[in-house]
Amino acid sequence: MSEPRAKRVSESETIMTEMVMPNDTNPMGNLMGGNLMRWMDIVASICAGKHAESHVVTASVDHVSFRRPIRLGEVVTLRARATRAFNTSVEIYVEVYTADIKGHNHRQCNHAYFTFVALDEKTLKPRPVPPVLPLTKEEHELYESAVRRRELRLVLSGRMKPEQATEIRNLFAEMD
Ligand SMILES: CC(C)(COP(=O)(O)OP(=O)(O)OC[C@H]1O[C@@H](n2cnc3c(N)ncnc32)[C@H](O)[C@@H]1OP(=O)(O)O)[C@@H](O)C(=O)NCCC(=O)NCCS
């Protein structure tokens, strides 16, 4: 079978906009963290599905931290981009920005890396994902660093032995 065509990041970039409604908030009038994570998962899965041209499932989420509260009535914009595909998985970078209804006070709130696995529709087994073709400087940086993030998450989830995490070891060796 021929190798799938490498796809540009822009081919699957996905933007989602939401307004924080009363039902999304905690008793202090701020967006519930779980609701933000749900939106992040949705935008990331749409991006991963477009990149993989397949059904995808969330395999892991790294480093979601909430830098500042998001208030009732604020407009939340979520941007998802594919950073790198491995074999059957693809890493998606999600950035979250907020602004008021007038489009003022634009701020970045948080970011996270999601890993999705593409599944074959019939067998529901993991299936190969096309490579990501990085073009810009930022896309290249995200592409290169994705190997280390993958090693870290696989070690932390017990799927890789620490001694197999060669990229992380090389990084620490460079710092010595
Ligand atoms: C994700 C899932 C399909 C992996 O199945 P599996 O039998 O472990 O498959 P494999 O061992 O062949 O691994 C498939 C890929 O998943 C990746 N993967 C598995 N677990 C992972 C984890 N915790 N973090 C990151 N990647 C992971 C593997 O690295 C591999 O990627 P690669 O092919 O690019 O190298 C399976 O664990 C699953 O269905 N999980 C539930 C997904 C789900 O329902 N998500 C929504 C939660 S409510």
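## Basis and overall fold

Residue numbers start from 1 along each chain, in the order in which its sequence is written. Because the model is predicted, local features need pLDDT of at least 70 and side-chain atom pairs count only at pLDDT 80 or more, while totals for chains, interfaces and linings use all residues.

The protein contains three helices and seven strands, in the order β-β-α-β-β-β-β-β-α-α from the N terminus. Helices (H or I, at least four residues) and strands (E, at least two) are DSSP runs, numbered from the N terminus. The C-alpha trace spans about 50 × 45 × 30 Å along its principal axes.

Of the 176 residues, 30% count as buried. A residue is buried if 20 or more other C-beta atoms lie within 10 Å of its own, exposed if 12 or fewer, and partly exposed in between, with C-beta atoms placed from the backbone. Among contacts with a separation of 6 or more, 69% join residues 24 or more positions apart; a contact requires C-beta atoms, placed from the backbone, within 7 Å.

## Helix α1

Helix α1 covers residues 33–52, and its 20 residues should span 28 Å at 1.5 Å a residue; the end C-alpha atoms are 28 Å apart, which agrees. The expected span is 1.5 Å times one less than the number of residues.

The buried residues of α1 are Leu36, Met40, Val43, Ala44, Cys47, Ala48, His51 and Ala52. They lie on the same side of α1 because they cover an arc of only 160° around the axis, the arc being that of the directions from the helix axis to the C-beta atoms. Exposed Gly34 and Arg38 sit on the face turned away from this buried side. The buried residues pack against β1 (7–8), β2 (14–19), β3, β4 (75–85), β5 (89–99) and β6. Just after α1, Glu53 has a positive phi of about 50°.

## Nonpolar core

A nonpolar core is a set of buried Ala, Val, Leu, Ile, Met, Phe, Trp, Tyr and Cys residues joined through C-beta atoms within 7 Å. The largest one has 34 residues, and Met40, Ala44, Ala48, Ala82, Val90, Ile92 and Val94 have the most contacts inside it. Elements giving two or more residues to this core are α1, β4, β5, β6 and α2.

Leaving out residues up to four places away in sequence, Val90 touches Ala48, His51, Ala52, Ala82, Ala85, Phe116 and Val129.

Ser60 lies in β3 and counts as partly exposed because it has 17 C-beta neighbours inside 10 Å. Apart from neighbours within four places in sequence, Ser60 is in contact with Thr115, Arg153 and Ser157.

## Positive phi in loops

Most residues other than glycine have a negative phi. Asn105, in the loop between β5 and β6, has a positive phi near 55°. Asn105 counts as exposed, with 9 C-beta neighbours inside 10 Å. Leu124, in the loop between β6 and β7 (132–133), has a positive phi of about 60°. With 10 C-beta neighbours inside 10 Å, Leu124 also counts as exposed.

Terms used
Contact = placed C-beta atoms within 7 Å.
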